[in-house]
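Me: I would like to learn how to read the parts of a structure and how they touch. Could you take me through one?

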Amino acid sequence: MTQDPEKIRETLIGWFAASRKRILTAMAQPLDVAQKSNRNDLVTNVDKANQQFLIEHIKTDFPTARIIGEEGHGHDDTDLNGLVFFVDPIDGTMNFVKQQAHFAVMIGVYRDGQPIVGAIMDVMRNEVLSGGPNLPVTFAGRQLKPLLDLPLKDGLLGVAGPMAIKNRLHLGDVALASSGARMSGSAGMEFIEVALGRQVGYVSYLQPWDVAAGMAITQGLGVEFSREDGSAINLSQPGVVVAATPQAHQTILAMMAGKSEQAH
Ligand code: IPD
Ligand code: CA
Ligand code: CA
Ligand code: CA
């Protein structure tokens, strides 16, 4: 069981390649789609099968690791001590069902609550974003540079649709203060946009498996992460995630606290 972050990254990318083949094969057949908590919260046979596939690999290669996976694995586990794998087997299930595109596979690896490695695969484009605090961040094999610290008004902002539309925590106002709001329907795809400098940030209510990989990867590029009140993100529970360049992050937090945006 390797502890080397670079070796763990290579292992994740190997699993992703195998997982992608299985997903593409499964997509050639009709999907088995079920509702979870509501009509917008779906799960398919592919989400379940891919989670099982990834869990088997984690158990074989990292037998002592704890696994928290979206489709009903380890949800009661709030102890983040030791090695923990956060697994989102299909991120953007609604896109997967409706578009057969714009969905991701994500794994975030943490030790004692601290990030080690994250990997996000854009399945249809066959591109992987990966990295960690002690690793270069790469996208499709190319090393990414640290991000420019753009202010909110000069960048596109990814937002959670319902939160922004209902102006919860002033997120609609925040979106209007950016160069433009984007809603991709996949947290993983949002983190890819942020890492590539195509978006100044992303704000959403997220579960631990939605944010673990993106946070492990993009902090090293200069992206700041916090809850809406500026507190640190604790991966033992869901909550609002504000991920943005330092300048944009500061403006977003001020606006979410009810202070008006001066620059707009
Ligand atoms: C969802 C997507 C979506 C975000 C939701 C997530 P899922 O993940 O990342 O963009 O807004 O909060 O639940 O359920 O498709 O893996
Ligand atoms: Ca889901
Ligand atoms: Ca998912
Ligand atoms: Ca997700």
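Reply: Start with contact: two residues are in contact if their C-beta atoms, placed from the backbone, lie within 7 Å. This is a predicted model, in which local features need pLDDT of at least 70, side-chain atom pairs count only at pLDDT 80 or more, and totals for chains, interfaces and linings use all residues. Residues are numbered from 1 along each chain as its sequence is written.

Me: How many residues of domain 1 are in contact with domain 2?

Reply: Domain bounds come from an automatic or database domain assignment; here that assignment gives domain 1 (5-143) and domain 2 (152-257). In domain 1, 34 residues are in contact with 25 residues of domain 2.

Me: Which element gives the most to the side of domain 1 that touches domain 2?

Reply: Helices (H or I, at least four residues) and strands (E, at least two) are DSSP runs, numbered from the N terminus. The strand E6 gives the most to that side, with seven residues.

Me: What is the order of the strands in the open sheet?

Reply: Two strands pair if DSSP finds at least two bridges between them. The order is E3-E4-E5-E6-E7-E8-E9, seven strands with mixed pairing. Strands E3 (66-69) and E9 (142-143) each have a single partner strand, so one side of each is left without a neighbour in the sheet.

Me: How many bridges join E8 to E9?

Reply: Two bridges join E8 (residues 135-139) to E9, and these strands run antiparallel. Phe139 has Arg142, in E9, as its bridge partner.

Terms used. Chains lettered and ligands numbered in written order.
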